Amino acid sequence: DSRLFEQTLQAVHGVMSNVISYPDEEQFKTIRKSNARFHEDIGRHAGAIGCLFAIGFREQYDVKQVQETLLVLREPHVVEEYEEWKEWFDQATAPKAKVELV
């Protein structure tokens with residue numbers, strides 16, 4: 001269904017845009033996989049999850065606070081880990097440009 005594909009692509013684009021537009025906002029770097037809206041928009045689509053992994057999100061089980069599986073984006077420190085940060089940034093922004101073309 002092309003409408004579903006477009007909605008999913010827009011949701012992934014929204015996550016990418018938030019991470020890139022607000023790099024200091026930790027709220028955009030952690031996604032609860034159990035969140036109903038996330039599951040409906042992105043989580044139930046393997047390709048959409050793959051896009052998030054492509055920009056650096058990784059699964060992490062949070063035992064201390066929410067006791068659930070999260071998708072977490074760890075951004076290297078721009079000054080202390082510049083080369084790693086630059087690679088991370090290039091990797092994070094490349095898929096966004098491709099998504100905007102669709």
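A polar contact of 3.2 Å joins the side chains of Glu68 and Arg32; a polar contact here is a pair of N or O atoms within 3.5 Å, where, within protein, one must be able to donate a hydrogen and the other to accept it, and residues adjacent in sequence count only if both atoms are side-chain atoms. The model is a predicted one, so local features need pLDDT of at least 70 and side-chain atom pairs count only at pLDDT 80 or more, while totals for chains, interfaces and linings use all residues. Residues are numbered from 1 along each chain as its sequence is written, and side-chain values use heavy atoms, with hydrogens and water left out.

Back to Glu68, then. This residue sits in strand S3 (residues 68-73), where helices (H or I, at least four residues) and strands (E, at least two) are DSSP runs numbered from the N terminus. Along the sequence, Glu68 and Arg32 are 36 residues apart, yet in space their C-alpha atoms are 7.5 Å apart. Leaving aside residues up to four places away in sequence, Glu68 touches Arg32, Ser34, Gln60, Tyr61 and Asp62, contact meaning heavy atoms within 4.5 Å. Glu68 counts as buried because its relative accessibility is 12%; buried means under 20% relative accessible area, exposed over 50%, and partly exposed in between (1.4 Å probe, protein chains only).

Zooming out, the protein chain has four helices and three strands, and from the N terminus on they run α-β-α-α-β-β-α. Of its 102 residues, 31% are buried. Among contacts between residues at least 6 apart in sequence, 55% join residues at least 24 apart.

Next comes helix H1 (2-21). H1 has 20 residues and reaches 28 Å from its first C-alpha to its last, close to the 28 Å expected at 1.5 Å a residue; the expected span is 1.5 Å times one less than the number of residues. At the start of H1, a side-chain oxygen of Asp1 comes to within 2.8 Å of the backbone nitrogen of Arg3. The buried residues of H1 are Thr8, Leu9, Ala11, Val12, Val15, Met16, Ser17 and Val19.

Thr8, with a relative accessible area of 9%, is therefore buried. Its side chain makes a polar contact with the side chain of His45 (3.4 Å). Not counting residues up to four places away in sequence, Thr8 touches Asp41, His45 and Ala48. His45 itself is found in the loop between H2 and helix H3 (46-54), and because its relative accessibility is 17%, His45 counts as buried too.

Finally, the empty space. Rolling a probe the size of a water molecule over the atoms shows where empty space is left. The largest pocket holds about 350 Å³ of space. On a 1 Å grid over the protein atoms alone, a pocket is an open set of points where a 1.4 Å probe fits, with protein on both sides within 12 Å along at least five of seven lines, and lining residues have an atom within 4 Å of a point. Grid points are joined across faces, edges and corners, and the volume is the space filled by probe spheres set on the points. The lining has 15 residues, with Val15, Ile31, Asn35, Phe38 and Ile42 nearest the centre of the pocket. Helix H1, strand S1 (30-32) and helix H2 (36-43) each supply at least two residues of this lining.
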